[in-house]
Amino acid sequence: PVSRLPAVGTTIFTVMSALAQETGAVNLGQGFPDFDGDPRLMQAVKDALDAGHNQYPPMAGVALLREAIAAKIETLYGQRYDAGSEITVTAGATQAILTTVLALVHPGDEVIVLEPCYDSYEPSITLAGARTVHVPLTPGTFRPDFERLAAAITPRTRALIVNTPHNPSGTVWTEAEMRTLAELLRPTPIILIADEVYEHMVYDGAAHQSVARYPELAARSVLISSFGKTYHVTGWKVAFAAAPAALSAEFRKVHQFNVFTVNTPMQYALAAYMADAAPYLGLAAFYQRKRDLFRAGLTQTGLRLLPCEGTYFQCVDYSGLPAAVATLPEADFCRWLTREVGVAAIPLSAFYRDGFNQQVARLCFAKRDETLQLALGRLQQHL
Ligand code: PMP
Ligand code: GLN
């Protein structure tokens, strides 16, 4: 067989966005804002272009940006990463995840993911010739189940991928959970891949539990975050990986033959823009208001709201709707919702290996208030 990824088709995000476009539905499926980033950030790009920052940057990223990232992590989470040897700028978190896995995971290894999980993890692990071990998060609450996690660890376990705040459930790990994780990993050599792309979207006064708050975890972790999420520029595909020098050195060996470098002007623009902490510090309040507006509107429908502690995703349980739709599998329900109600959503089953159905759909609220109102009007009318 020629295919390295025989089970992989077009991602659900692309499929649902195409269906939304075709049907004119409000697209609350694929996660991206329908508004632009800060005009000051756009101006910073223009300034970088005009300043002639248009040739290859250093392989690991523009130094100013790596220094800004290191300073931010230290200020917020306490861990000091060396900008020279421990931070690498990547073409999105997707590349950072694949590069981490290709650099550190060997054929025959096992990598544990906590299901439901983002759809790029398993193909990345498969490309490394390793086996994905799926450990379910606790059904219903989507909190980590440490007993099951402990039971899944074997001498072959090379890495564990943890995503907090969590896509799709919106769960945010607690300090107690991080400490339990640290204890569990202590006697093992397991590398922790920390997908923290939603680090600045944590609500109700809770704090993001970065691995960079826990020196013991940071020492074995590759911390990944994405400017696409933080600055409303998902199309820029600029992110970073922070890891101890030995891990970063291996990461960079793959990185330099994968993309070599990431586009220069955006890196200068981001470095300049990061000097102001207000945009990322204010992000939680910005999205919490949208979450609250969206949730308030959804209470006027037959959908049951799941908790949303972080991210820009709200999950809804549709099992209380009239039987004809309540019994639809999630993928069919989301297609029906898109075509008949005019609101596109993502089936939670897309985040499970075996397509597990629990009558839950994911809606993205990273939208202008008018867009959310338009979607809510349709949902209230039909559901
Ligand atoms: N991880 C998670 C959990 C995500 O939701 C996303 C964005 N969809 C990514 C990684 C990829 O981020 P990027 O767009 O920066 O590649
Ligand atoms: N991360 C986004 C989501 O979960 C989409 C990314 C993508 O389209 N691959 O919706």
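**Entry 1: ligand 1**

I began with the shell around ligand 1, where α4 supplies the largest share, three residues. Helices here are DSSP runs of H or I with at least four residues, strands are runs of E with at least two, and both are numbered from the N terminus. I noted that this is a predicted model, in which local features need pLDDT of at least 70, side-chain atom pairs count only at pLDDT 80 or more, and totals for chains, interfaces and linings use all residues. Residues are numbered from 1 along each chain as its sequence is written, while chains are lettered from A and ligands numbered from 1 in the order in which they are written.

Which residues come nearest to ligand 1? I found Gly92, Ala93, Thr94, Asn167 and Ser226, out of 13 around it. A residue counts as near a molecule if its C-beta atom, placed from the backbone, lies within 6 Å of it. I sorted this shell by class and got four nonpolar, eight polar and one charged. For the classes, Ala, Val, Leu, Ile, Met, Phe, Trp, Tyr, Cys and Pro are nonpolar, Asp, Glu, Lys and Arg are charged, and the others, Gly among them, are polar.

**Entry 2: ligand 2**

I turned to ligand 2 and listed Thr11, Phe13, Gln30, Gly31 and Asn167 around it. Asn167 is also among the residues that come nearest to ligand 1. The shell of ligand 2 has one nonpolar residue, four polar ones and no charged ones.

**Entry 3: domains**

I looked up how the chain is divided. Domain 1 takes 12-30 + 282-382, and domain 2 takes 39-276. These bounds come from an automatic or database domain assignment. I then took the centres over C-alpha atoms and found domain 1 and domain 2 separated by 27 Å.

How many residues of domain 1 are in contact with domain 2? I counted 20, and they meet 22 residues of domain 2. Contact means that two C-beta atoms, placed from the backbone, lie within 7 Å. On the domain 1 side, the elements giving two or more residues are α13 (283-298) and β10 (313-317). Helix α13 gives the most, five residues. By class, I found that side to hold twelve nonpolar, four polar and four charged residues.

I also checked the UniProt record. Its unreviewed entry lists residues 26-378 as "domain: Aminotransferase class I/classII large". UniProt positions follow the numbering used here, feature names are shortened, and annotations may be inferred rather than shown by experiment. The end C-alpha atoms of this span lie 9 Å apart, and the span is 41% helix and 16% strand.

**Entry 4: the core**

I went to the largest nonpolar core, which has 118 residues. Such a core is a set of buried Ala, Val, Leu, Ile, Met, Phe, Trp, Tyr and Cys residues joined through C-beta atoms within 7 Å. Val222, Ile224 and Ala361 touch the most other members. Helix α4 (residues 92-104) gives the largest share, eight residues. Why does this core lie between domain 1 and domain 2? Both domains give residues to it, so it lies between them.

Leaving aside neighbours within four places in sequence, its contacts include Val316, Tyr318, Phe333, Leu337 and Ile346. Glu330 is also one of the contacts of Ala361.

**Entry 5: single residues**

Is Tyr214 buried or exposed? I found Tyr214 buried, with 20 other C-beta atoms within 10 Å. The rule is 20 or more for buried, 12 or fewer for exposed and partly exposed in between, using C-beta atoms placed from the backbone and within 10 Å. Tyr214 sits in the loop between β6 (191-195) and α8 (215-218). Beyond four places in sequence, Tyr214 is in contact with Met178 and Ala182.

Gly235 lies in the loop between α9 (227-230) and β8 (239-242). It counts as exposed, with 9 C-beta neighbours inside 10 Å. Gly235 and Gly92 are 143 residues apart in sequence, yet 9.1 Å apart C-alpha to C-alpha. Lys237 is in the loop between α9 and β8. Its phi is positive, near 55 degrees, though it is a residue other than glycine.

**Entry 6: backbone**

Phe142 has a positive phi of about 60 degrees and is not a glycine. I placed Phe142 in the loop between β4 (131-136) and α6 (146-152). Phe142 counts as buried, with 22 C-beta neighbours inside 10 Å.

I ended with cis peptide bonds. The bond from Glu115 to Pro116 is cis, with omega near 5 degrees. Pro116 is in the loop between β3 (110-115) and α5 (121-127). The bond from Thr164 to Pro165 is cis, with omega near -15 degrees.
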